[in-house]
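Welcome! Here is a short briefing to read alongside the sequence and the 3D view.

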Amino acid sequence: MAHDAPAATGPTKLVIRNIGLLLSGALENPVLDADTIVAENGRITAIGKLKDVDVEGASTVVDANGTVVAPGLIDSHVHPVAGDWTPRQSQLNWIESSLHGGVTTMISAGEVHTPGRPRDIVGLKAMAITAQRCFDAFRVAGVKLHAGAPVLEHGMVEEDFKELAAAGVKLLGEVGLGGVKDGANAKQMVSWARKYGIQSTIHTGGPSIPGSGLIGADMVLEADTDVVGHINGGHTALPDGEIRCICESCRRGLELVHNGNERAALYTLRTARELNQLERVILGTDGPAGSGVQPLGIVRMVAMLASLGEVAPEIAFCFATGNTARMRALDCGIVEIGRAADFVIMDKAQHSAGKHFLESIALGDLPGIGMTIIDGQVRTARSRNTPPATKLPSVVGH
Ligand SMILES: [Zn+2]
């Protein structure tokens with residue numbers, strides 16, 4: 001399969017019809033009453049009943065065959081290095097494999113697995129700008145990977161953040177993975193980053209590998225990053241009391257990752273629900289990492305939270321789509337006119353005990369993925385990674 005995925009040339013019009021269930025990705029209205037989506041030139045232009053929308057002149061028609069359409073899933077926490085290769089675990093093709101798990105957008109939490117990554121300031125800035133450029137110019141299998149996330153080191157000054165922002169850097173890598181491991185310095189640098197429009201995240205919990213350190217609630221709250229990265233630990237979680245303290249003491253994003261502590265993820269979810277702040281919950285995998293790569297990590301998190309966390313499956317899908325898109329100011333993640341036409345088409349896995357799709361997820365089964373679409377272009381047909389879907393969509397016309 002070609003890994004370079006150029007944009008379509010010329011005008012395109014995609015019609016997805018015969019949708020059985022349309023998940024919006026938006027927490028306030030997670031299920032839409034519509035069976036047809038139209039997207040022109042990669043953007044959603046109509047959502048409704050087939051008889052009410054203009055489907056003339058389509059360049060691609062997908063018959064969803066009564067299956068489930070949701071926004072393409074977003075992985076809020078990955079560690080890319082170069083294209084579809086990350087040397088930790090000698091991992092190849094993990095991005096394309098994650099697309100087969102429904103992920104159409106990824107966000108780098110730092111290119112920290114780069115062999116010999118520079119720790120000096122000019123070097124780390126150069127590497128971040130290079131990563132931003134490389135992943136912007138080369139989309140693996142069409143997946144949108146927002147990368148170029150420098151890791152804070154001592155000696156960085158306001159001018160460095162201004163320069164990074166001007167060069168196109170929009171993210172910081174996890175605070176705490178570099179030399180800056182104290183709250184006061186982190187707080188200063190995070191606020192400089194925020195001033196120039198650079199988003200931030202932090203490594204929460206115990207050390208991930210030898211050489212990294214513990215970051216507790218005090219430091220998380222003092223650093224005040226936009227996202228509390230893997231609040232369920234990466235891998236080792238904080239005590240429940242500290243997780244509760246973070247949830248109650250700030251309004252920042254609460255990121256739950258697959259490569260973390262599952263009990264702590266459920267505790268965070270319950271705390272967020274108690275606070276009536278489910279819009280803060282977002283999902284990531286934290287791969288590739290010491291625990292490897294899980295191409296189905298995001299759908300596994302959705303099924304885990306929906307089956308054990310007392311949230312409805314259609315809400316759990318919002319954690320992996322609209323919540324992340326809103327928090328990260330992305331133009332995807334919600335089925336809404338004007339947004340990017342990124343979709344995952346799914347159905348109940350064959351032989352799930354659930355009577356229908358949502359019940360199968362509520363019982364903890366993974367969905368069967370039948371197709372992925374990015375920017376209005378069909379990228380994959382039936383997933384090679386998920387259990388087979390009961391019903392499959394198909395391209396019925398060009
Ligand atoms: Zn981490």
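Leu 256 has Leu 283 in E15 as its bridge partner. That pair belongs to strand E14 (residues 253–257) and E15, which run parallel and are joined by 4 bridges. Please keep in mind as you look around that this is a predicted model.

**Around strand E15**

- Together with helix H7 (residues 262–274), E14 and E15 build a right-handed β-α-β unit.
- In strand E15 (residues 281–284), Val 281 and Leu 283 point one way while Ile 282 and Gly 284 point the other way, and all are buried.
- Past this strand, the loop between E15 and helix H8 (297–308) holds Pro 288.
- The peptide bond between Gly 287 and Pro 288 is cis, with omega at about -15°.

**Two domains**

- The protein is split into domain 1, made of 13–71 + 332–397, and domain 2, made of 73–295.
- Their C-alpha centres are 29 Å apart.
- Where they touch, domain 1 supplies 15 residues and domain 2 supplies 14 residues.
- On the side of domain 1 that touches domain 2, E17 and E18 are the elements that give two or more residues.
- By class, that side of domain 1 has 5 nonpolar, 7 polar and 3 charged residues.

**The sheets**

- Lys 348 has Pro 367 in E17 as its bridge partner.
- Another open sheet has 3 strands, ordered E8-E11-E12, and its pairing is parallel.
- Here the edge strands are strand E8 (73–78) and strand E12 (144–146), each pairing on one side only.
- From one strand to the next, the twist averages 20°.
- E8 and strand E11 (residues 103–108) run parallel and are joined by 4 bridges.
- Asp 75 stands opposite Met 106 in E11.

**A buried loop residue**

- Look for Ile 334 in the loop between helix H10 (322–327) and E16.
- Why does Ile 334 count as buried? There are 23 other C-beta atoms within 10 Å of Ile 334, so this residue is buried under the cut-off of 20 or more.
- Ile 334 and Leu 27 are 307 residues apart along the chain, and their C-alpha atoms are separated by 9.7 Å.
- Beyond its neighbours within four places in sequence, Ile 334 is in contact with several residues, among them Ser 24, Pro 71, Thr 321 and Arg 339.

**Backbone details worth a look**

- In general, most residues other than glycine have a negative phi, and most peptide bonds are trans.
- A cis peptide bond links Gly 234 to His 235, with omega about 15°.
- His 235 is located in the loop between strand E13 (227–228) and helix H6 (240–249).
- Asn 18 is not a glycine, yet its phi is positive, near 65°.
- Asn 18 sits in the loop between strand E1 (13–17) and strand E2 (21–23), and it counts as partly exposed because it has 16 C-beta neighbours inside 10 Å.
- Gln 89, also not a glycine, has a positive phi of about 65°.
- The loop between strand E9 (85–86) and strand E10 (91–92) contains Gln 89, which is partly exposed with 15 C-beta neighbours inside 10 Å.

Notes
Residues numbered from 1 in each chain as written. Predicted model: local features only at pLDDT ≥ 70, side-chain atom pairs only at ≥ 80, totals over all residues. Pairing = 2+ DSSP bridges. Axes fitted to C-alpha atoms, helices over the stretch in contact; angles between N-to-C directions. Domains from an automatic or database assignment. Contact = placed C-beta atoms within 7 Å. Nonpolar A, V, L, I, M, F, W, Y, C, P; charged D, E, K, R; others polar. Buried ≥ 20, exposed ≤ 12 C-beta atoms within 10 Å, placed from the backbone. Right-handed = clockwise from strand over helix to strand, strands pointing away.
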